[in-house]
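Biologist: I want to learn how to read strands and cores in a model. Can you walk me through one?
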Amino acid sequence: MLPATFKLCAAISYRHMRSMTGLKKNALVAIHHELNRLAGPGPSNWISQVRRRSSLLSSRVEEEEEGGYSEEELSYLKQGEDALQKAISILSLQDGWNLETVAANGDRVLSKVLPDIGKVFKLEVMMEQHHDDLYRELVGNMERMGEWNPNVKHIKILQKIGQDTMVTHEVAAETPGNVVGPRDFVSVRCAKRRGSTCFLAGMSTQHAQMPEQRGVVRAENGPTCIVMKPCAEDPNKTQFTWLLSLDLKGWIPKTIINKVLSQTQVDFASHLRRRMAANVSTETAANVSTETAYAC
């Protein structure tokens, strides 16, 4: 059902079909039914939230049509929605995941091979921070990720479309020993908040401002998605899930790719924890300084 659903949605992006209102409505209804099916009996909270709000897609399409978006912008908006829905469908699959690695603190990476996509990786960790703080760091401060994640040289936002969608250029650092050389990605990213659950989904795209660069391999990603939702036992903690799907290109043995990607996810969780701890320390120091100034 999913491939047919997204082919139907993709048709909407073509200029000569955009006026076919019935086709749009059929696509949106199909996505809504697909989310219902994927959730199944006893759906998880975040799937339920997305499913209950899937009707918002319809109003979003109408807003886009009336909002003066260009054909290119509408295409990016559609790509972002597709990345989010594809990622949700993958994450809702409960069976067939294989354990890749488990860190000493319980962080774990699982993998699954999917038709037409290949091998995808899923990081599952518990973060001590509130999901709002994590969302603010990963979305609001996205371009600063290179400051704290050594696996990323830099991220630049090339274009913003509306409130939720952006096109970015990311340069990934080479691995130790240059086993995997530098790679770059041009991605469309879709940031959403659905109730208490936050999403950051993405997939590869093209952008006129960033053609392929000499000396850097243009890799492809997607669908990818970070999901942040409050822990049931302690809402100040966050269940953090990162779905990763990458094609690094080049002649790299699969055993090396699997090791690099799973380790990259584990490392990311560690770097993010350190970043969030540093943010708390900085805020605490600033508050102490402010209180001291007032006291004087």
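Modeller: Start with pairing: two strands pair if DSSP finds at least two bridges between them. Keep in mind that this model is predicted.

Biologist: How many bridges join strand β3 to β11?

Modeller: Seven, and the two strands run antiparallel. Strand β3 spans residues 118-127.

Biologist: Which sense of pairing links β10 and β11?

Modeller: Antiparallel, over six bridges. Strand β10 covers residues 224-230.

Biologist: Is β11 mostly covered or mostly open?

Modeller: Mostly covered. Six of the seven residues in β11 (residues 238-244) are buried. Buried means under 20% relative accessible area.

Biologist: What should I look for in a core?

Modeller: In soluble globular proteins, nonpolar side chains tend to be buried together. Here the largest nonpolar core has 38 residues. Among those with the most contacts inside it are I226, F240 and F268. Helix α7 (residues 254-295) gives the largest share, eight residues. A second, separate core has 26 residues, including L84 and C225.

Biologist: Which residues does F268 touch?

Modeller: Leaving out residues up to four places away in sequence, F268 touches L138, M145, W148, N149, I226, F240 and W242.

Methods:
Residues numbered from 1 in each chain as written. Predicted model: local features only at pLDDT ≥ 70, side-chain atom pairs only at ≥ 80, totals over all residues. Heavy atoms only, no water. Core = buried A, V, L, I, M, F, W, Y, C linked by side-chain atoms within 4.5 Å. Buried < 20%, exposed > 50% of the residue type's maximum accessible area, 1.4 Å probe, protein only. Helix = DSSP H or I, 4+ residues; strand = E, 2+ residues; numbered from the N terminus. Contact = heavy atoms within 4.5 Å.
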